[in-house]
Amino acid sequence: MRPLRLLARQLSQAAPLSRPTNARPVKIVEVGPRDGLQNEKTPLSTELKVELIDRLVRVGLNDIEAGSFVSPKWVPQMATTAEVLTSPTLARLRAENPSLSLPCLVPNDRGMHALSTLLDKHAEPLTNEVALFVAASKGFSRANLNKSVAEALAVQPPIFEAAKQRGLKVRAYVSVVLGCPFEGYVDPKKAARVAKELLDMGAYEVSLGDTIGVGVPRGWEELLNECERAGVPVDKVAAHCHDTYGTAVANVLHCVSLGVPTVDSSVAALGGCPYSPGATGNVSTEDVVYALHESGIPSSFLPEPHPGSLLAWNDRGREGRTRFEELCEAGEWVSEAIGRTNGSRVGKAVRGRKQREAQKKAKL
């Protein structure tokens, strides 16, 4: 098996790197309603979380983390996850779109039990997927789960089994794959071994999380090479990039060029890391959609990129631009609703451009 770095270098020497025309669209997993909101200090209502999910579904996102069954003592914002899942709005969305996926995080057996109890009380399926996580470093695992990495892995099989019995898919996260706030550098071999164990347990996909946002394309390439050597195919991983040092979009595009089929992102770049002061949120969904589209790469949001730019004011690809603008508006809405600055560079640029266009029209 050729290392991904060697493959990328050979391709770059032969011709500009491009995805095959018949490649599957890059799947975008929206993590804003869970990973994005969980660290907000001000209590947020169930209604706000439900409306955010509703807006994201209506603009065209199909895979949206809905919440987490975690102790309210540690993550107060997720205390209303059961109310979110059982809301009439989400019931309507599921009925209108049977392919809609609203995964929930279950960080331990107590979380899985809480979800199972909720599912037992409702005839309709509230979710078809759960997510769990393990850290790649001992320091982060101790801080987040009060367990070593080995101990954290050891408690996962019962969760996999419980999910399997209920017909739920399992998606696994590996945190701090490129850097840890407690230990600094993380050996990619360690992250790859954790990913392999989770894949062997039955995860259909492993999301590799650059939790503190220190990654660069070369680091991601080294990590993906180690994953391949460990027996984790590149088409079984997702890239979960944070944008602390402004490299997230570059990392996303490089991972996609190497064959990573799924990207996690958060509308308005919501999110952060409580164990890494100053760390900014996830890469914004708006920025990812713009970068993929302008690079001619199909995504689950825009499966067929139009030849015209998303920022061009002409008739080519009008439908794509309308959905894109609605996505940017959703980011503006949630940022204002929770009282924070929109973290999406693209979202802010689109807002500024629309304001400028409105001012020009007003002067006519």
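1. Let me start with Ser344, which sits in the loop between α14 (318–338) and α15 (345–363). Helices here are DSSP runs of H or I with at least four residues and strands are runs of E with at least two, numbered from the N terminus. This is a predicted model, in which local features need pLDDT of at least 70 and side-chain atom pairs count only at pLDDT 80 or more, while totals for chains, interfaces and linings use all residues. Residues are numbered from 1 along each chain as its sequence is written, and side-chain values use heavy atoms, with hydrogens and water left out.

2. Is Ser344 buried or exposed? Its relative accessibility is 0%, so Ser344 counts as buried (buried is under 20% relative accessible area, exposed over 50%, partly exposed in between, with a 1.4 Å probe and protein chains only). The side chain of Ser344 makes a polar contact with the side chain of Asp287 at 2.8 Å, and it also reaches the backbone nitrogen of Gly347 at 2.8 Å. A polar contact is a pair of N or O atoms within 3.5 Å; within protein, one must be able to donate a hydrogen and the other to accept it, and residues adjacent in sequence count only if both atoms are side-chain atoms.

3. Leaving aside residues up to four places away in sequence, Ser344 touches Ala268, Ala269, Ser284, Glu286 and Asp287 (contact means heavy atoms within 4.5 Å). Ala268 deserves a look of its own: its phi is near 60 degrees, a positive value in a residue other than glycine. Ala268 lies in the loop between β8 (262–265) and α13 (285–294), and with a relative accessible area of 0% it is buried.

4. Val176 belongs to the loop between β5 (169–175) and α10 (188–201) and is buried, at 0% relative accessible area.

5. Which residues have the most contacts inside the largest nonpolar core? That core has 103 residues, and the ones in question are Ile53, Leu115, Val174, Leu198, Val206 and Leu208. A nonpolar core is a set of buried Ala, Val, Leu, Ile, Met, Phe, Trp, Tyr and Cys residues joined through side-chain atoms within 4.5 Å. Beyond four places in sequence, the residues touched by Leu208 include Val174, Val177, Trp220, Leu223 and His240.

6. There are 2 aromatic pairs in the structure. In one, the ring centres of Phe140 and Phe182 are 6.5 Å apart and the planes are at 50 degrees, so this pair is tilted (centres within 6.5 Å for Phe, Tyr and the six-membered ring of Trp; planes under 30 degrees apart are stacked, over 60 edge-to-face, the rest tilted). Phe140 is in helix α7 (residues 138–145) and Phe182 in the loop between β5 and α10, so the pair ties together parts 42 residues apart in sequence. Phe140 is buried at 4%, whereas Phe182 is partly exposed at 44%.

7. Two charges sit over rings, too: Arg34 lies over the face of Tyr173, 5.8 Å from the ring centre, and the charged end of Lys169 is over the ring of Tyr204, 4.7 Å from its centre. The criterion is NZ of Lys or CZ of Arg within 6 Å of the ring centre and within 35 degrees of the ring normal.

8. For the overall picture, the chain has 15 helices and 8 strands, and 53% of its 364 residues are buried. Of contacts between residues at least 6 apart in sequence, 74% join residues at least 24 apart.
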